[in-house]
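Subject: Structure for your reading

Hello,

Please find the structure below, and keep it open while you read the notes that follow.

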Amino acid sequence: MTPQDLISKAAAALRLSRQERQDLFTKAAEALRLTRQDRQDLTTKAAGVLRLRREDLIRIVHVLIVVVVGVCVFAVIASAPGWGATHALLGIHEAPNAGTTSAPLTVDQAKNILNRDFAASYLGQTTSGSASEAALRTAYTDQGLRGADGRVKLASVQPAASTSPLLVPHPQLLAVSRGFGYPRFIVAQTVTTDGSLPILHLLVSPDVATPYRISMSVEMVPPATVKPFDVLPSGSPLVTSGTGLAVAPDTLLNLYAAHMAFPAKAASKSPFEADSFSDQVRAGAAAASSAVASQATFTQTHTVAPNSVYAVRQADGDALVFGVLVRTDSFAVKSDQNVSTAANKAFVLLTGKKVITKSASITTLEFVIFAVPQSGGQSTLVAAREQVVAGSGS
Amino acid sequence: MPVSTRRALGAVVAALGIVFVALGAWMVVILGPSGEAQFSATSKAPGAVVIPPEVLNAVDVPVQITATRPDGGSVSIETAPSNDARAILANSAVTTASAVHFPDGALDLHASGAGALTDLSRSDIWRLAAKSPGSAQLMVDQSKAPETAVVTSGDATDLGDVTVTLTWANRGWFFEALAVATIGAVLAVFALNDLWQGRALAVRSDVGETKTSEAAV
């Protein structure tokens, strides 16, 4: 905008008449011309005072203006955080988003947890009293703790704990959870050097405030193998429904439990292959029944322990399903009969009774692990172990 | 290119160069040869001090966290995935570091929540941890971002007075700032020189034209 334009707008704003506006325009234009002339005189005079040529003084003033503008711009940039100049120099950026396809644990964290729990397990099985109880509570959870308690109680009448994880110094980490939901798990395997069967371990953390503890440690059934899981940094997903599997984990374990009942019940086509563990359990039940047939009636039931089933997806889409069955052996003593239980040392140790006249029951936990195919085919028992945990009699 | 345009362009480049020189030199002085930027604040509110990923993972270099208690009590610094840290502190009184101010070195803190702190040490969510009486230090790498760092007493008792300092160290920043200052200086020198010479040429050209017109008359 020229000075003339500015004057015209100012005159219009002041509502001056055309003549008044013309006079004002003329006078202002003259005033501006005078000012320009004065300014040139002033520059020449200033140059003379500074003993410079007029052109040199103008150049110096221009350079000074550029420097002042530069410094002002710098000051504004430096003092305005939103402009981000300093942030850009330091590389400050927004935090990345949390990934849903990564493991919440690092490999080192998972190994430290395994070592901590296995050390506590060893301590719990090699000490006694409150120290043992505290160590077992540190190492085990849920049915795993119940089984470990039973093993410690019956240590004097049962074979030494060949499954003690601390017999193997370096557990192999097989899988960890994927994502940040709960429950979370760790799957590990230990292989002893004395030729014993490899052991699969499942450790579970139910919520953010509760540490991982051993939920089960189960000997593998020869010649079973475990297919690989996804790589540890990306974790392995927990299968929360039967989607994408030949049979839903809960359904599989309920059918397996029903399959082992004594007396045997008619069953439809099984979704699992025959295995040596269930054969032994059924044979044992039949033998117990015939041994006490003249004095008592024997029955055996198997039920899936609540909240004990976990299914972990493997790399090829199959799943490894962990579960705990509660087996109850019940004896109903016939009238006018006394049954000696002295031969069953575990029962005597748990109940303190060497003779029963009415009834008795023994509770045993059955830890089982199945390999379940993605589609078609039957599931295979991979690992199994049983542990007597309670008894009662009258 | 017209002389006036060239001179305007020269002035802009010179101003830009001066801005770069000032900014680069300023950063060089502030960061020093070690390339360190520190941010510090003292919390006197009860509960834990939380450094969320918006602060902890705002740069791509490791962050050193130092927490100091004047009473010499135990100090613990732990880091966990941000989702887990948020979940375990959901009902607790916390003081959160919400922003850093460079170059002031200030750390904005704001208190929230009122619940008692749970015993965080029992949880398995912590990837890194350091615990020490009086003062603790923890170097947090950026490999598992986003993460949250939590400063506590190491158990369920409150921290009443704790000073938290974050240190970002990257020698590269020092050399980057030096490079910015150098590039700015080169730009400014060349542009100012061009302005100076251009003005002189313009003046000589004016003189030449004047002489020619006098001869014609």
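Is A:Asp336 buried or exposed? A:Asp336 is exposed, because 7 other C-beta atoms lie within 10 Å. Here a residue is buried if 20 or more other C-beta atoms lie within 10 Å of its own, exposed if 12 or fewer, and partly exposed in between, with C-beta atoms placed from the backbone.

Before going on, note that this is a predicted model, in which local features need pLDDT of at least 70 and side-chain atom pairs count only at pLDDT 80 or more, while totals for chains, interfaces and linings use all residues. Residues are numbered from 1 along each chain as its sequence is written, and chains are lettered from A and ligands numbered from 1 in the order in which they are written.

Chain A

Chain A contains 10 helices and 11 strands. Helices (H or I, at least four residues) and strands (E, at least two) are DSSP runs, numbered from the N terminus. Of its 394 residues, 31% count as buried. Among contacts in chain A with a separation of 6 or more, 63% are between residues 24 or more positions apart. Two residues are in contact if their C-beta atoms, placed from the backbone, lie within 7 Å.

Two helix pairs in chain A share α6(A). Helix α5 (residues 107-126) packs with α6(A) at an angle of about 150 degrees, and the axes are 7 Å apart. Axes are lines fitted to C-alpha atoms, for helices over the stretch in contact, and angles run from 0 to 180 degrees between N-to-C directions. α5(A) and α6(A) are therefore roughly antiparallel; angles under 35 degrees count as roughly parallel, over 145 as roughly antiparallel, 65 to 115 as roughly perpendicular and the rest as oblique. Their crossing is left-handed. A crossing has that name if the near helix is turned anticlockwise from the far one by less than a right angle, and is right-handed if clockwise. The residues of α5(A) in this contact are A:Asp117, A:Ala120, A:Ser121, A:Leu123 and A:Gly124, and they meet A:Ser132, A:Ala135, A:Leu136, A:Thr138 and A:Ala139 of α6(A). By class, the contact of α5(A) with α6(A) has five nonpolar, four polar and one charged residues. Ala, Val, Leu, Ile, Met, Phe, Trp, Tyr, Cys and Pro count as nonpolar, Asp, Glu, Lys and Arg as charged, and the others, Gly among them, as polar.

In the second pair, α6 (residues 129-139) and α7(A) also pack at about 150 degrees, with axes 10 Å apart. They are therefore roughly antiparallel to each other, and α6(A) passes α7(A) in a right-handed crossing. From α6(A), A:Ser132, A:Leu136 and A:Arg137 meet A:Leu145, A:Ala148, A:Asp149 and A:Val152 of α7(A).

Several loop residues of chain A are listed next.

- A:Leu154 lies in the loop between α7 (142-153) and β1 (172-176). A:Leu154 counts as partly exposed because it has 18 C-beta neighbours inside 10 Å. Not counting residues up to four places away in sequence, A:Leu154 touches A:Ala346, A:Leu349 and A:Val388.
- A:Pro198 sits in the loop between β2 (184-190) and β3 (199-205). Leaving aside neighbours within four places in sequence, A:Pro198 is in contact with A:Gln189, A:Thr190, A:Val191 and A:Met220.
- A:Asp336, the residue of the opening question, is in the loop between β7 (319-333) and β8 (339-340). Phi of A:Asp336 is near 65 degrees, a positive value in a residue other than glycine.

Chain B

Chain B has four helices and 10 strands, and 40% of its 217 residues are buried. The domain assignment, which is automatic or from a database, gives domain 1 (3-30 + 173-205) and domain 2 (36-169). The C-alpha centres of these domains lie 44 Å apart. A cis peptide bond joins B:Ala145 and B:Pro146, with omega about 5 degrees.

Where the chains meet

The contact takes 39 residues from chain B and 34 residues from chain A. On the side of chain B that touches chain A, α1 (3-31), α2 (53-56), α3 (82-88) and α4 (171-216) each supply at least two residues. α1(B) gives the most, with nine residues.

Regards
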